[in-house]
Amino acid sequence: MADEPKSRYLQYLEIVTGSLEEKKRYRQYKARIKQLPENYRIAVEALERYLMHFGPADGAGAMAMYEDLADLFEQSAADGTPIRDIFGEDPVEFVEAFVANYPIGQYRARERHRLTSAVERAAGEDTARKDRTD
């Protein structure tokens, strides 16, 4: 059944509402998060809120990231890893390093570098160009 072409109705519906498969994956992710102990769930929900504003908005890349996040916290809860050991001292640094492992994070890192290099050049600062991304 998975190999069967989608009906025209389903194709149209997905154009309007987005991928039904992605919605199913998101519901599964949320169910996994609900099963976490309270302190891990609170931490994941805080990360999720941050990612909704500063991470990938939607799509398969975002779902892969959220599923990996669920994996990380499920394993950490099972091992009894303290929340602070997961995040380190700076939660923003943690989430930025986490996001950098996904295509949107690689794009943002490259654009940050391009911005920094451009400002340095505009300010007349001697910057040795380490790469040719700009």
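Buried here means under 20% relative accessible area, exposed means over 50%, and partly exposed sits in between (1.4 Å probe, protein chains only). This is a predicted model, where local features need pLDDT of at least 70 and side-chain atom pairs count only at pLDDT 80 or more, while totals for chains, interfaces and linings use all residues. Residues are numbered from 1 along each chain as its sequence is written, and side-chain values use heavy atoms, with hydrogens and water left out.

**Overall layout**

- The protein chain has seven helices and zero strands, with helices (H or I, at least four residues) and strands (E, at least two) taken as DSSP runs numbered from the N terminus.
- Reading along the sequence, you get the pattern α-α-α-α-α-α-α.
- Of the 134 residues in the protein chain, 25% are buried.
- Take the contacts (heavy atoms within 4.5 Å) between residues at least 6 apart in sequence: 55% of them join residues at least 24 apart.
- The protein chain's accessible surface is about 9400 Å², and carbon and sulfur atoms own 54% of that; accessible areas come from the Shrake-Rupley method with a 1.4 Å probe, and for residues only the protein chains shown count as cover.

**The core**

- A nonpolar core is a set of buried Ala, Val, Leu, Ile, Met, Phe, Trp, Tyr and Cys residues joined through side-chain atoms within 4.5 Å.
- The largest one has 22 residues, and Tyr29, Leu69 and Phe73 have the most contacts inside it.
- Two or more residues come from each of helix H2 (20-34), helix H3 (38-54), helix H4 (60-79), helix H5 (83-87) and helix H6 (91-99).
- H4 is the top contributor to this core, with seven residues.
- Leaving aside residues up to four places away in sequence, Phe73 touches Leu36, Tyr40, Ala43, Val44, Leu47, Ile86 and Phe87.

**Aromatic pairs**

- Rings of Phe, Tyr and Trp (its six-membered ring) pair if their centres lie within 6.5 Å; planes under 30 degrees apart count as stacked, over 60 as edge-to-face and the rest as tilted.
- Searching the whole structure turns up six aromatic pairs.
- One of them is Tyr26 with Tyr29, a tilted pair at 5.9 Å centre to centre and 40 degrees between the planes.
- Both of these tyrosines, Tyr26 and Tyr29, lie in helix H2, three residues apart, or about one turn of the helix.
- Tyr26 counts as partly exposed because its relative accessibility is 28%, whereas Tyr29 is at 1% and so counts as buried.
- Phe98 and Tyr102 make a tilted pair too, at 5.6 Å centre to centre with 50 degrees between the planes, and both Phe98 and Tyr102 are buried.
- One aromatic cluster takes in Phe73, Phe87, Phe94, Phe98 and Tyr102.

**Salt bridges**

- A salt bridge is a side-chain nitrogen of Lys or Arg within 4 Å of a carboxyl oxygen of Asp or Glu, and a search of the whole structure finds five.
- Glu67 and Arg25 meet through their side chains at 2.6 Å, N to O, linking helix H4 (Glu67) to helix H2 (Arg25) across 42 residues.
- Arg25 counts as buried because its relative accessibility is 17%.
- Glu48 bridges to Lys30, with the closest N and O atoms 3.0 Å apart; Glu48 is in helix H3 and Lys30 in helix H2, 18 residues apart.
- Glu48 is buried at 7% relative accessible area, while Lys30 is partly exposed at 28% relative accessibility.
- Glu74 forms a salt bridge with Arg32, the closest N and O atoms being 2.6 Å apart; Glu74 lies in helix H4 and Arg32 in helix H2, so this pair ties together parts 42 residues apart in sequence.
- Arg32, Asp71 and Glu74 are linked in a network of salt bridges.
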